Amino acid sequence: MTAGISPSATTAPAVELHDVRFAYGAGPDVVAISHLAIPRGETVFLHGPSGSGKTTLLGLLAGVLRATQGRVQILGTDLTRLSNGERDAFRARHLGYVFQQFNLIPYLSVRENILLPVRLDAARRARLQGADPVRAANALAAELDIAQALDKPVTQLSVGQQQRVAVARSLIASPEMVICDEPTSALDSDRRERFLQLLFASCRKAGATLVFVSHDMSLQPLFSRAISLPEVNTASAVALVEN
Amino acid sequence: MGSILRLALQSLRSRAFTSLLTVASIALSVTLLVGIEHVRAGVRESFAGTIRGVDLIVGARGGTLQILLSTVFGIGAPSGAVSWETYERWSAHPAVSWTIPYALGDSHRGYRVIGTTNAFYERYRFRQDGRVTFATGAPASGETDVVIGAEVAERLRYKVGDPIVVTHGLQGGGISDHEAHPFTIVGVLNRTFTPIDRAIYVTLEGLEAMHEDFEAAPTPATPPAIGTPSGDAPPAMPGAEAPPTMPGATPPVMPGAEAPPVMPGAEAPPVMPGAEAPPAMPGAEAPPPVAPAASTDSAEEEDHAEHDHEPSQISAFFVGTKNRFEALQLQRELNTDFTEPLTAIIPGVSLGELWQNIASAEVGLRIVAAFAVAIGLTGMLVALYSSLDARRREMAILRAVGAGPRTIVSLLVFESALLALIGCVVGVALVYVILALGQGAIEARSGVHLTLRALGATEWKYLALVLVSGTLIGFVPALKAYRNSLSDGLAPRS
């Protein structure tokens, strides 16, 4: 569990949850995790059936949701102690996020979509350490094999290309952790594996920990680590709320 | 903030058609609001500039507005008549620098004929320092001379040298044309964008002669009784030979040296009935021809007999004081004239009063314009609000890359502010385009000359108001998006 070697100077694990509980409003607990740790530099496969609390857990990890109870430590920072604005800023600076699909803002070009995190957040831009953001975006695009699509409107891209643009966006300015919420669900199996190879390579290059959520167990062997959410999440009301 | 602004711009551009419609609805309402204000200010300016440099307008005792309307705007009948002797007396008042007599005569094809003197061309001012100038020709000096305003010339296609005939009464096309006394156009005035453009000017003598001839005209076959003794009757006959015969009569018309011989008593005192009048009459040349005409029937007959076309009365007169501060005192004196009941008005003050009366109609226009703006802004609210559901995904993406709910709010507020701003800019541009293109038509229709001028304080205030309300309205969809983004988090329902 602690076998992963952190490439970063900080030694705190990428994710560490302690007695975390979360409920929407006054409803029953959807997430109840006594302990979960993800070391840095790992590629983690987080799996579970629909309704096992995956999306809620990702919301907690990304700092969009705040745990009702417990500690959610991301890269050594307890998100539950941060204000809403501070959590947003933390996410902007340290995390990348890839959705299942429809990852791109339709009115921006591919390049502008990739540049969005550094354009919106000065701290994220600072991680480029003076490098030209556009050049960084171009390099990522070349790496992910979407360089030829950089100036196209996003609507002309295939689903696979769109997901690779989303990966490029999540990785720009080298965040410490990338969270993917079933990014391959809209891809056919051939492309799925190729997509994952590109994702792993890019995360490794950026030094980012990858947390990958899916219900597709066939992908599990490709990851360095796997966590079964139903085993970790002991909340009873999960299936009622999530779908 | 700059990146959000750019994002807002790009987002609006992506919904170009909706944005265009929203901008159009705001722009049109701004055009209405600013346009009404612009036209109102222009009309007011043009209105206030109708007469300048005249310190007092004096007419027979009557309503202030009546005097103003009849003398300055050529609307309605004058309050009455002022006798020539009174006019002369006040002209000689020590505080008075100059006077312009104003005798409303008849009309020609619906345009008013006004008898006045050269002082009118020299002294009358409008707008800043607009002077009455001639496009062609020169001031009327002879009894048959006539000067016409720019609009009269344009509409009736008159030019210098054309003969014209004056109708008795104010209504155009009357039956009793003064064919007995045909006039010749000697001058055409430049356009002033004031009622001057719609007036016809003759000399006081010409006006007087016209009336006398009119009285003589009904019996043209035989020399009229009144006109006979002088031997000047022939000019009273209709026909082309009239003008050539007139010159003989013209010299005595001038209030110059010929006049005194008519009167046996050369000095004013014996003629004047009012006791206080003599001291007010320092001028030696004027009294003789005027006084008798006004006072006794016999003198009037005599006047006619000599065919000396001096006016017995005028409608009003304009006064320029030597010192403007004396205008108030002079007004008081005029209003308490013992010999003749007069009303003296200060044009600027009366124009202001008149404008106040008209101004209430503006309120209605403004309310309409305000509602138009409200409708335009509501249209924007609808457009932005209804787009929100389709944009939940967009908001989730922004949240994922670290945008806080505040960023989402500012994005939407920026969008509405931008729409309002573009709407304002386009609306104002539209006002100028419409004014520039429609200036000629507006002038031709209403005679109001609208200058293309910079936006006034009120217009800026309106624009600021539209912009602020547009921005504030943006908070409605923005707060909705804020709530959406909080509940959706990174899992939009789409």
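Strand β4 of chain B (residues 111-116) is mostly covered, with six of its six residues buried; a residue is termed buried if 20 or more other C-beta atoms, placed from the backbone, lie within 10 Å of its own. Strands here are DSSP runs of E of at least two residues and helices are runs of H or I of at least four, numbered from the N terminus. The structure is a predicted model, in which local features need pLDDT of at least 70 and side-chain atom pairs count only at pLDDT 80 or more, whereas totals for chains, interfaces and linings use all residues. Residues are numbered from 1 along each chain as its sequence is written, and chains are lettered from A and ligands numbered from 1 in the order in which they are written.

Strand β4(B) pairs with β3(B), residues 96-108, in the antiparallel sense over four bridges, pairing being assigned if DSSP finds at least two bridges between two strands. Within this pair, Leu104(B) has Ile114(B) as its bridge partner. A hairpin with two residues between the strands is formed by β3(B) and β4(B), and Arg109(B) in the turn has a positive phi of about 50°. Strand β4(B) also pairs with β11(B), residues 199-203, in the parallel sense over five bridges; there Ile114(B) is bridged to Tyr201(B).

Helices α14(B), residues 347-387, and α16(B), residues 405-446, have axes that come within 11 Å and cross at roughly 145°. These axes are lines fitted to C-alpha atoms over the stretch in contact, with angles running from 0 to 180 degrees between N-to-C directions. Gly376(B), Met380(B) and Leu384(B) of α14(B) meet Leu412(B), Glu415(B), Ser416(B), Leu419(B) and Gly423(B) of α16(B), a contact requiring C-beta atoms, placed from the backbone, within 7 Å. The residues of this helix contact comprise four nonpolar, three polar and one charged.

Strand β4(A), residues 69-74, is joined to β5(A) over two bridges, and Gln73(A) has Asp78(A) as its bridge partner.

The contact between the chains takes 17 residues from chain B and 25 residues from chain A. On the chain B side, α1 (2-14) and α15 (392-400) each supply at least two residues.

The model scores ipTM 0.86 and pTM 0.68. Chain B has a mean pLDDT, the predictor's confidence in each residue from 0 to 100, of 76. Over residues 217-307 of chain B, pLDDT stays under 50.

Methods
Two residues are in contact if their C-beta atoms, placed from the backbone, lie within 7 Å. Ala, Val, Leu, Ile, Met, Phe, Trp, Tyr, Cys and Pro count as nonpolar, Asp, Glu, Lys and Arg as charged, and the others, Gly among them, as polar. A residue is buried if 20 or more other C-beta atoms lie within 10 Å of its own, exposed if 12 or fewer, and partly exposed in between; C-beta atoms are placed from the backbone.
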